[in-house]
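Here is a short walk through one protein. Keep the sequence and the 3D view side by side as you read.

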Amino acid sequence: MFSLYNITFSAGLQFLYRSEDSSDILSIVIAIISLILPIAVISLLSLTDSEEFGEFKNKFLDEFVCRNYFFISIIYRGVLGFLIAYQNTFVSITIVNVFLSIMFLMYLLVNTPYIEGYHNYRAIIA
């Protein structure tokens, strides 16, 4: 989850500066796979029973929004990293990134997805 900024930023740069030759197809395919894999793993985490991912799922409150904290966080980090790389020539994209960051911070402050308080503060600070 922490490397998702790097993955999405690299994929955004790959899509931005790709060439039209056939030699670039392999790197585009690998970039797409690297974007799909974290979402697939987090989807499995959200959809399976808590016995298979017990350590992760037992720390969250038993609400739909709180249980999907990782999925929402992955989507947020992926969109933020991709926008920073792919739309870096537009001045207004900084405002969009700040808006997304404030909205995610509000989500964390309102929902506090973890059972223990120190995990909530750690998620808000990180």
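Start with burial. Of the 126 residues of the protein, 30% count as buried. Keep in mind that this is a predicted model. The accessible surface comes to about 8400 Å². Carbon and sulfur atoms make up 69% of that surface.

Now look at the fold. The protein has seven helices and zero strands. Along the sequence, the pattern reads α-α-α-α-α-α-α.

Next comes the interior. In soluble globular proteins, nonpolar side chains tend to be buried together. Here, the largest nonpolar core has 13 residues. Those with the most contacts inside this core are Ile42, Tyr69, Phe70, Phe104, Tyr107, Leu108 and Tyr114. Which helices supply at least two residues each? They are helix 2 (25-47), helix 5 (69-86) and helix 6 (93-111). Helix 5 gives the most, with five residues.

Turn to helix 1, which covers residues 4-16. This helix has 13 residues. From its first C-alpha to its last, helix 1 reaches 18 Å, close to the 18 Å expected at 1.5 Å a residue. Its buried residues are Leu4, Thr8, Ala11, Gly12 and Phe15. Seen down the axis of helix 1, these buried residues fall within an arc of 100°, so they line one face of the helix.

Helix 6 can be read in the same way. Helix 6 has 19 residues. Its reach from first C-alpha to last is 27 Å, close to the 27 Å expected at 1.5 Å a residue. Ile93, Asn97, Phe104, Tyr107 and Leu108 are the buried residues of helix 6. Why do they sit on the same side of helix 6? They cover an arc of only 95° around the axis, and that puts them there. On the other side of helix 6, Ile95 and Val110 are exposed. Threonine 112 follows helix 6, and its phi is positive, near 35°.

Finally, look at the aromatic rings. A pair of aromatic rings is described by the distance of the centres and the angle of the planes. The protein has three aromatic pairs. One of them joins phenylalanine 15 and phenylalanine 82. This pair is edge-to-face, at 6.0 Å centre to centre with 65° between the planes. Phenylalanine 15 lies in helix 1 and phenylalanine 82 in helix 5, so the pair ties together parts that are 67 residues apart in sequence. Are the two partners buried or exposed? Phenylalanine 15 is buried, with a relative accessible area of 15%. Phenylalanine 82 is partly exposed, at 25%.

Another pair joins tyrosine 76 and phenylalanine 104. This one is stacked, at 4.2 Å centre to centre with 5° between the planes. Tyrosine 76 belongs to helix 5 and phenylalanine 104 to helix 6, so the pair ties together parts that are 28 residues apart in sequence. Buried means under 20% relative accessible area. Tyrosine 76 has 14%, so it counts as buried. Phenylalanine 104 has 11% and therefore counts as buried. Tyr76, Phe104 and Tyr107 form one aromatic cluster.

Definitions and conventions:
Residues are numbered from 1 along each chain as its sequence is written. This is a predicted model: local features need pLDDT of at least 70, side-chain atom pairs count only at pLDDT 80 or more; totals for chains, interfaces and linings use all residues. Side-chain values use heavy atoms; hydrogens and water are left out. Helices (H or I, at least four residues) and strands (E, at least two) are DSSP runs, numbered from the N terminus. The expected span of a helix is 1.5 Å times one less than its number of residues. Buried means under 20% relative accessible area, exposed over 50%, partly exposed in between (1.4 Å probe, protein chains only). The arc is that of the directions from the helix axis to the C-beta atoms. Accessible areas come from the Shrake-Rupley method with a 1.4 Å probe; for residues, only the protein chains shown count as cover. A nonpolar core is a set of buried Ala, Val, Leu, Ile, Met, Phe, Trp, Tyr and Cys residues joined through side-chain atoms within 4.5 Å. Rings of Phe, Tyr and Trp (its six-membered ring) pair if their centres lie within 6.5 Å; planes under 30 degrees apart count as stacked, over 60 as edge-to-face and the rest as tilted.
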